[in-house]
Structure formats: C-alpha cells, structure tokens
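Open the model in your viewer and keep the selection tool at hand. The tour goes stop by stop.

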Amino acid sequence: MATSSPIAIYFIALFVASSITSTMLAISLPPELTDNLHTDPGAIKLASIDYGRIIKEKPFAVLYPSSLDDIRTLINLSYSSSFPYTIAAKGQAHSTWGQAQANKGVVVQMSSLNSFRNGTGILISGDRSSGFYADVGGEQLWIDVLNATLARGLSPLSWTDYLYLTIGGTLSNAGISGQTYRKGPQITNVLELDVLTGKGEFVTCTSQKDTELFYAVLGGLGQFGIITRARIVLEPAKERVKWLRILYSDFSSFSTDQETLISTTGPSHKVMPDYLEGQLLMSQSPLDFYPQSQHQKITSLINQYGIVYLIEVATYYDNKNEDKRVKPMLKSLKGFVHGFVFEKDVTYLEFLNRVHDEEIVLRKKGLWDIPHPWLNIFIPRSRITDFDNGAFRNILLKRNFTSSTVLVYPLLRSKWDERMSAVIPDEEDVFYVVGFLDASTDDWETFDNRNKDILQFCVNGGIKFKQYLGHHATKEEWINHFGSKWNTFQHRKARFDPKMILSPGQRIFNI
C-alpha cells in the first residue's frame with residue numbers, strides 16, 4: 001500500500017516589513033522542494049544581479065526546480081499563505097533594472113528545468129501544408145531554438161539582436177529586432193502557451209482558448225504567469241545573408257530612406273529587406289564592420305558632420321538562388337553618401353548570432369559584466385526629427401557622449417496586436433525604436449542622468465514616448481505608461497495574480 005511522502009518543515013526567513021514590526025513565517029514544504037531550495041550565499045548572490053548590475057536585491061531563497069510541479073507547488077504555497085511571498089522567474093537575467101529579482105522573496109532559476117526536459121525542450125512539428133512550429137520550454141535559449149530549427153531547414157520568423165535570451169523572457173516583453181517591421185515582434189508569432197498563473201493554476205492558452213490569459217501574458221512583464229512552454233511559428237530558413245551598412249550625413253535623408261524601405265506600398269515594396277535597423281556613428285564608435293582601408297575615410301566623414309547615420313539592412317537568400325534585391329533596393333534610396341555603402345556576405349546563422357561575437361570580445365576585455373544603464377524608448381514618427389535635434393545633437397553630441405551605442409529604426413503599428421499587454425505609442429502608423437545601449441565601469445550614474453535628461457526633454461517637448469524594457473519609480477508613472485491599457489492590465493492582474501506574487505522586480509504593483 002502506497003503512503004504519502006512525509007512533509008518536512010523548512011523555514012524560510014520571510015520578513016513582512018512594516019514601519020513597526022517584522023514577522024518571521026514558517027512554511028511547510030514537501031521534501032522534494034526542500035532539496036531544490038537554496039539559501040547559500042553563492043545562490044543568493046547570483047539571483048541578486050542582472051545584466052544591468054545596478055539594482056541588487058537579495059531574495060531569501062532560490063529554487064532550482066527539477067520539474068514544473070516544483071514551481072507550481074512554490075506558487076501554491078505562497079498563494080495559500082496569509083503572508084504570501086513574492087516569486088520571480090529568472091532566465092538569463094538580461095534585464096538592466098532588477099526586473100528579474102525578488103527582494104526578500106524567492107527567485108526561480110528557470111535554466112534548472114533543462115535536466116527535467118531531458119532533451120525535450122525544443123520539439124519541432126508540422127508539415128508544409130499546415131505549417132511548421134516548435135514547442136519550446138520557457139527556459140530555453142533562442143540560440144538553441146535557432147540551431148535546432150536550422151537542422152530541419154526551418155527558422156522562427158522574428159528575432160532579438162542577442163540570442164542568448166530565454167523564450168519566456170523575451171515573450172514577457174515583446175522581442176524586437178530588425179525583422180519586426182516585416183514579421184512583427186516575437187509575441188505576434190506565438191500560437192500557444194503553457195502558463196503557471198499567480199494562483200498556481202497550470203493553463204494552456206491560445207487566441208481561441210483562455211484568450212484573456214494568452215493576450216495578457218504576451219508582453220505582460222511577467223505579471224500574470226510564468227511561461228513554461230510556447231509554440232513558435234516557423235518558416236523555411238534561408239542559407240545566406242547579404243548584410244549592408246549605408247551611411248548618411250543628415251537625419252532627414254536617413255529617416256526618409258528608412259521609411260521608404262519599410263513601406264508596404266510603392267515601387268520599393270518588391271525589394272524590401274528582410275531586416276532593417278539603424279545606428280549612429282560618432283567619434284568613438286567602433287568601426288570593426290568596415291574594411292580597415294576605409295576607416296580613415298569614415299572617420300573624416302564623422303569629423304565633418306559630428307554624427308553619421310547608418311542604415312543596416314539584410315536580405316536572406318539560398319545558395320542556389322542569388323539574391324537580386326540589393327541593386328534595386330539601393331536604387332530606391334535617395335540620400336545616402338555615395339561611396340559609403342559597405343557589404344558583407346555571411347551565413348544565416350552568422351548574421352543572426354552576430355552580437356555573440358561582440359560578447360566574446362567584450363568578455364575577454366572584462367567589459368561584459370559591468371553596469372549597463374540602458375534606455376530604450378519608442379518615439380512617434382511625427383516627432384523623430386525633433387528627437388534627433390534635442391537628444392542626439394543637443395545632448396549626446398554637445399555633452400560628448402560619443403562612445404554610446406545608439407540604435408534608431410522604424411516599426412509599423414500594423415504588425416502589433418493591441419490585445420496583447422505590450423505598449424507602443426498611440427495612433428501613428430509608424431514609430432521609431434531608439435536604444436541607448438551604454439556600458440560603464442565606474443560612472444553609470446552619469447549615463448543614467450543623461451537618460452533622465454533625454455526623457456525630460458521628451459516630456460517638456462510633448463513627445464508622447466513609451467519606454468521599452470523600462471522601469472518606473474511610481475505607480476502613477478506605470479499608469480501613464482500603460483495609458484488606455486491600464487484598466488485592462490489591472491483587471492488581468494486581479495484575475496490571474498490577485499495576491500501580487502509574481503515578478504515583483506518590475507515594481508508595478510509592488511512599489
């Protein structure tokens with residue numbers, strides 16, 4: 001006759017702080033969960049830092065789950081407690097402002113599920129008639145999804161620039177890159193999700209079943225549930241990439257040509273690139289992409305104009321069918337500096353994994369695990385020229401922030417789904433991504449203060465921006481961020497995580 005496992009008593013010092021008292025709570029845990037719950041200094045330290053290395057908040061414990069039931073049990077215990085503790089699912093912790101941390105709560109190290117999956121974390125299914133898809137564990141990395149799908153001649157449609165991120169992490173935000181203007185963000189390329197809600201309920205949801213949870217979780221900043229599986233749309237993969245950088249001396253021509261390239265109408269439609277981004281080149285920008293023989297020429301152009309703008313495009317093709325879009329694509333552009341078009345031909349894998357090459361170099365120099373005071377914002381198209389004048393030229397250039405990596409490229413509203421939690425600027429059909437991706441060894445506050453000045457410039461100028469991967473200091477700022485979506489967001493929180501257990505590091509409901 002089978003007997004139930006005895007319940008071990010495991011004490012976690014969970015302090016419910018108030019201005020007067022602190023209460024220590026004893027929580028009964030099954031022995032299998034006890035074995036996977038770590039409170040040693042090493043585990044606590046790793047769970048207290050993220051890629052930003054600015055916010056460092058210590059949890060009381062870290063769970064290394066051996067199954068999905070371990071996570072479900074952890075949530076259920078909190079949900080049933082009179083004093084619920086917070087829980088944060090941690091993937092690669094590539095957040096920059098402590099979003100994956102849980103101060104005095106429990107962090108779940110999602111990568112521990114790899115041993116539980118036992119090689120089943122990425123399963124590819126489908127056929128040519130109905131379409132292909134991959135069922136992927138929320139803890140899996142996009143680079144592993146890429147390698148697994150390429151082995152079958154397939155690929156996801158939409159990417160992030162950096163691939164060593166988890167599926168659950170990017171889908172909780174949006175997941176954007178140069179493919180987004182054509183294929184939409186990663187969240188719009190999902191067919192189905194498995195989610196553990198803040199009530200400890202395990203739910204499979206789609207756009208047709210449990211739809212409110214489905215749309216809530218996608219772009220939901222981890223507030224409604226932990227993504228444990230996602231069904232990702234796949235398409236046939238190409239083999240090679242034509243990778244170009246095209247230089248401009250003025251912002252008007254740069255932005256006009258970017259918008260020409262993403263236009264779904266007109267003569268340029270037939271030569272639309274598969275990927276489009278943009279960057280600023282300034283006096284301290286690296287020139288590794290360009291031939292050594294061209295560095296002096298490019299540097300002279302930067303010295304002449306202060307800022308040089310570049311459009312980065314890529315077209316995918318097969319070895320058997322050489323891509324013929326590059327020449328007519330360049331012909332459709334009107335404002336680039338002639339003689340400043342640079343091209344590489346690389347494999348599809350090399351292109352998509354390009355940032356990892358930079359990571360290797362930075363790690364060798366000790367410049368990867370340092371503070372990253374990033375700012376990512378969406379700017380309406382109608383104000384992007386004002387933003388160039390006010391932020392790029394009057395803040396970056398005048399204050400000599402010429403080592404900053406700055407991305408700037410347009411996206412289309414039509415590729416986003418308003419039912420999802422992700423927020424973009426209101427009304428306009430085109431908006432721009434602007435990312436200030438700085439790293440600093442000892443003076444991150446200088447960059448952070450500059451970023452605050454950029455945001456204040458937008459506020460003073462009436463630019464209705466939205467932060468992406470952002471952080472806000474007050475609930476009022478979050479309400480302003482979500483705008484017309486706030487009531488829905490708040491309603492969904494009350495429905496799926498009423499005790500506000502999940503993802504406290506976002507500081508939306510746990511400020």
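Two pieces touch here when they are in contact, meaning heavy atoms within 4.5 Å. Helices (H or I, at least four residues) and strands (E, at least two) are DSSP runs, numbered from the N terminus. This is a predicted model, where local features need pLDDT of at least 70 and side-chain atom pairs count only at pLDDT 80 or more, while totals for chains, interfaces and linings use all residues. Residues are numbered from 1 along each chain as its sequence is written, and side-chain values use heavy atoms, with hydrogens and water left out.

**Stop 1: helix H17**

Select residues 486-496, which form helix H17. Which residues of H17 are buried? They are Trp486, Phe489, Arg492, Lys493 and Phe496. Buried means under 20% relative accessible area, exposed over 50%, partly exposed in between (1.4 Å probe, protein chains only). Look down the axis of H17: its buried residues fall within an arc of 130°, so they line one face of the helix. The arc is taken from the directions from the helix axis to the C-beta atoms. Now show what covers these buried residues: the cover includes strand E10 (190-197), helix H8 (211-217) and helix H16 (475-482).

**Stop 2: salt bridges**

Side chains of opposite charge can pair when their charged atoms come close. A salt bridge here is a side-chain nitrogen of Lys or Arg within 4 Å of a carboxyl oxygen of Asp or Glu. How many are there in the whole structure? The search finds 31 salt bridges.

Stay on H17 and pick Arg495. Its side chain meets that of Glu212 in a salt bridge (2.4 Å, N to O). Arg495 lies in helix H17 and Glu212 in helix H8, so the pair ties together parts that are 283 residues apart in sequence. Arg495 is partly exposed, at a relative accessible area of 39%.

Next, select Arg507 and Glu57. Their side chains form a salt bridge (3.1 Å, N to O). Arg507 sits in the segment after H17, and Glu57 in the loop between helix H2 (41-47) and strand E4 (61-63), 450 residues apart. Glu57 is partly exposed, with a relative accessible area of 23%.

Move to Lys242 and Asp345. The closest N and O atoms of this salt bridge are 3.1 Å apart. Lys242 is in strand E13 (residues 240-248) and Asp345 in strand E16 (residues 341-347), 103 residues apart. Is Lys242 buried or exposed? Lys242 is buried, at 12% relative accessible area, whereas Asp345 counts as partly exposed at 31%.

Then highlight Asp135, Glu192, Asp194, Arg229 and Arg231: salt bridges that share partners join them into one network.

**Stop 3: the second largest pocket**

On a 1 Å grid over the protein atoms alone, a cavity is a set of points where a 1.4 Å probe fits but cannot get out; a pocket is an open set with protein on both sides within 12 Å along at least five of seven lines; lining residues have an atom within 4 Å of a point. Grid points are joined across faces, edges and corners, and a volume is the space filled by probe spheres set on the points.

The second largest pocket has a volume of about 660 Å³. Of its 23 lining residues, Leu455, Phe465, Gln467, His472 and Glu477 are closest to the centre. Helix H15 (444-460) gives the largest share of the lining, 6 residues.

**Stop 4: the cavity**

Finish with Trp142, Pro156, Leu157, Ser158, Gln186, Asn189 and Ile232, which line the largest cavity. About 40 Å³ of space lies inside.
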